[in-house]
Amino acid sequence: MVKKPRRGIYLLPNLFTTACLFSGFYAVISATNGMYENAALAIFVAMVMDGLDGRVARMTNTSTEFGVQYDSLADMVSFGVAPGLVMWLWALQTMGKLGWLVAFIYTAGAALRLARFNTQVKVQDKRFFQGLPSPAAAALVAGAVGLGTQYDVLGTDYRAPLAFLTAAAGLLMVSNFRFYSFKELDIKGKVPFVVLLAAILVFVFISIEPATVLFSIFLIYAASGPIVTIAGLRKRRAERRSTHETDGPGLGKGD
């Protein structure tokens, strides 16, 4: 007699996904109450939870289609709706219609990015993401809010550059720029002792000025996609020109 599979869902990875969703929801609540520093921090906590749920599911062999869909919906709240709304409340609402349209561009970019990722996850190169990942875009927007609140800066005083940053983050998510995924890093295997020492130093470095360091890291990561993609295109064009010159003009296929 064939034993029927047990119905239900795996608790552990979905608890991390729920924590991600909760953090994003708490960010919205905090921002509506004027607690922007807490809102930015909650989005970073959501990032950590989002990074853990998938790894826990893979390590415990509890990956399911339910978990994939639940994770995507939680990401939409935490990295799509929450950052756009937090930025709008902190800096953009005095811009009127343009302000909330910029926030909508960001949120729509996150929705499209997540939909594209879900439909291309089995065919895309695992080493790279196509478009800026939504957690990194959220970290860029939340990092700007966290940095401003740390130095008692009013977001409305810098609404124009912050609107540009928010719209750029939204558009980068749906771009064709390639961003390194870091999925090749093996954290389960043994590493040299110096790697652990380097990790400790990274934590110490971030803790000196968390808001400044984290915002700088994700700003550099956001810029890396266009730079790496354009550099790769130029390299391939140079290689094609070099090949054409070596073969000589008119020595095409069949000559």
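pLDDT is the predictor's confidence in each residue, on a scale from 0 to 100. The exercises below use a predicted model.

**Exercise 1.** Find which helices of the protein chain have the lowest and the highest mean pLDDT.

*Solution.* Then go through the elements. Helix α7, residues 193-208, has the lowest mean, 86. Helix α6, residues 159-173, has the highest, 97.

**Exercise 2.** Describe how helix α3 packs on helix α5, and classify the residues in the contact.

*Solution.* Two packed helices are described by the angle between their axes and the distance between the axes. For α3 (residues 65-92) and α5 (residues 134-150), the angle is about 25 degrees and the axes lie 9 Å apart. Angles under 35 degrees count as roughly parallel, so α3 is roughly parallel to α5. The crossing of the two helices is left-handed. Next, list the contact: α3 supplies Phe79, Pro83, Val86, Met87 and Trp90. From α5 come Ser134, Pro135, Ala138, Val141, Ala144, Val145, Gly148 and Thr149. Sorted by class, the contact of α3 with α5 has 10 nonpolar residues, 3 polar ones and no charged ones.

**Exercise 3.** Locate Ser181, decide whether Ser181 is buried or exposed, and name the residues that Ser181 touches.

*Solution.* Ser181 sits in the loop between strand β2 (178-180) and helix α7. The relative accessible area of Ser181 is 9%. Buried means under 20%, so Ser181 is buried. Leaving aside residues up to four places away in sequence, Ser181 touches Lys126, Arg127, Phe128 and Phe129.

Notes
Residues are numbered from 1 along each chain as its sequence is written. This is a predicted model: local features need pLDDT of at least 70, side-chain atom pairs count only at pLDDT 80 or more; totals for chains, interfaces and linings use all residues. Side-chain values use heavy atoms; hydrogens and water are left out. Axes are lines fitted to C-alpha atoms, for helices over the stretch in contact, and angles run from 0 to 180 degrees between N-to-C directions. Helices (H or I, at least four residues) and strands (E, at least two) are DSSP runs, numbered from the N terminus. Angles under 35 degrees count as roughly parallel, over 145 as roughly antiparallel, 65 to 115 as roughly perpendicular and the rest as oblique. A crossing is left-handed if the near helix is turned anticlockwise from the far one by less than a right angle, and right-handed if clockwise. Contact means heavy atoms within 4.5 Å. Ala, Val, Leu, Ile, Met, Phe, Trp, Tyr, Cys and Pro count as nonpolar, Asp, Glu, Lys and Arg as charged, and the others, Gly among them, as polar. Buried means under 20% relative accessible area, exposed over 50%, partly exposed in between (1.4 Å probe, protein chains only).
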